[in-house]
Amino acid sequence: MTEETLGSQNIQASDNSVAVGNVSVGGSIGGDFFIGNKGFSADEVSVLVAQISTTFQPKPFDGRCPYKGLDVFEEEDAEMFFGREKLVQDLVVRVKESRTVFVTGPSGSGKSSLVRAGLIYALKQGDIKESNSDRWLYATLKPGRDPFEAVAGAFSRLKSPELGDYFLQNASRPETLHKCAESTLSERSDQRLVLFIDQFEEIFTQLHKDRAQAFVELLAHAANVEQGRVIILFSMRSDFIPNCVIYPKLNTLLNRQFVQIGAMQGDELVSAIAQPALRVGLRIDPELIAQIINDMQGEPGSLPLMQFALKICSIRNKPKVD
């Protein structure tokens, strides 16, 4: 609940609500005036930026643009991926508890970046210490028009072209994904193969139902087989969640571990905007950050546009490097 005093009038409105009525003011009003969710002010941003600046040693500008624009954050971009730290740690815990994890959200909400530069990077750094996740094997793919070919390509890169060929020749057998995974893994019982299927909604948009069903059978068997060592991560647009009901085994996997990404909160956005700039030696105006945050309130799909605007702004205004 917020409260503003105007002259002798008190006005109250809950966050995200609409206040309707007449306001009578005797005299002038200075400063910012908000009813309901007040967003972030430049002063509040300045405080957060100052706190962030104490966590590392500032350095001169190194010439890099710290923003991705419309591109996805990859693992190699992890040093510039900020704002989702709590969510990354939540996902790490979910990976400990389940062999399948679905990450969903609107288009543009940062699902792929979260998994690639957040979760997978954290796992490769050994965040699951008891299982030595830094020693696991990792493969990333998109289903496209032929998810079987995509998986075969992953096995070819992990071990050999022969294994990829074997997978394609036996893809109609549900146990094939599990068998190929076992052939790539060592004898260490704690080793895992993490298979990240990005843009999983493509199986609904680009495959005939029979082909989609066959692919689901492979995934479900690998995720359910006793003593199996395959962990499957999915990213999928949230508007395709109802499509999973068509395939009962897929729906069961969805219900095990399911995370839906929402809009980033104000302090997360400050981190996502300010941290990359500060890390390369750029300065960024708190008023600009506040304006961006307030423009983005409640819009979980606007992150690529934010990155694009920041990239253009940083390129146009970057200082010269000596």
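Is Lys86 buried or exposed, and at what relative accessibility? At 71% relative accessibility, Lys86 counts as exposed, where exposed means over 50% relative accessible area, buried means under 20%, and partly exposed lies in between (1.4 Å probe, protein chains only). These legends describe a predicted model, in which local features need pLDDT of at least 70 and side-chain atom pairs count only at pLDDT 80 or more, while totals for chains, interfaces and linings use all residues. Residues are numbered from 1 along each chain as its sequence is written, and side-chain values use heavy atoms, with hydrogens and water left out.

**View 1. The whole protein.** The protein contains 12 helices and seven strands; helices (H or I, at least four residues) and strands (E, at least two) are DSSP runs, numbered from the N terminus. Of its 322 residues, 47% are buried, and the accessible surface comes to about 16,800 Å², 47% of which belongs to carbon and sulfur atoms. Accessible areas come from the Shrake-Rupley method with a 1.4 Å probe, and for residues only the protein chains shown count as cover. Among contacts (heavy atoms within 4.5 Å) between residues at least 6 apart in sequence, 74% join residues at least 24 apart.

**View 2. Lys86 in helix α2.** Lys86, the exposed residue of the opening question, is found in helix α2.

View 3. Helix α3 covers residues 111-124, and its 14 residues should span 20 Å at 1.5 Å a residue, which agrees with the 18 Å between its end C-alpha atoms; the expected span is 1.5 Å times one less than the number of residues. Because 12 of its 14 residues are buried, α3 is largely enclosed by the rest of the structure. The buried residues include Lys111, Leu114, Val115, Arg116 and Ile120, and what covers the buried residues of α3 includes α2 (85-97), β3 (100-105), β4 (137-141), β5 (193-197) and β6 (230-237). Ser113 lies in this helix and, at 10% relative accessibility, counts as buried. Leaving aside neighbours within four places in sequence, Ser113 is in contact with Val72, Phe73, Phe81 and Gly118. The helix is followed by Gly126, whose phi is positive, near 90 degrees.

**View 4. Val103 in strand β3.** Val103 has its place in strand β3 and is buried, with a relative accessible area of 2%. Not counting residues up to four places away in sequence, Val103 touches Leu91, Lys111, Leu114, Val115, Phe234, Ser235, Met236, Val259 and Ile261.

**View 5. The nonpolar cores.** A nonpolar core is a set of buried Ala, Val, Leu, Ile, Met, Phe, Trp, Tyr and Cys residues joined through side-chain atoms within 4.5 Å. The largest such core has 42 residues, and those with the most contacts inside it are Phe167 and Phe200. Helix α8 (residues 209-224) gives the most to this core, with eight residues. Apart from this core lies another, of 29 residues, among them Val45, Phe61, Ala277 and Met296.

**View 6. The largest pocket.** About 500 Å³ of space lies in the largest pocket, and of the 29 residues that line it, the closest to its centre are Ser109, Gly110, Lys111, Ser113 and Pro304. On a 1 Å grid over the protein atoms alone, a pocket is an open set of points with protein on both sides within 12 Å along at least five of seven lines, a cavity is a set where a 1.4 Å probe fits but cannot get out, and lining residues have an atom within 4 Å of a point. Grid points are joined across faces, edges and corners, and a volume is the space filled by probe spheres set on the points. α12 (303-317) is among the elements that each supply at least two lining residues, and α12 gives the most, with four.

**View 7. The largest cavity.** The structure holds one cavity of 30 Å³ or more, and the largest cavity has a volume of about 40 Å³. Its lining is formed by Arg84, Ala263, Met264, Leu269, Met296, Glu299, Pro300 and Leu303.
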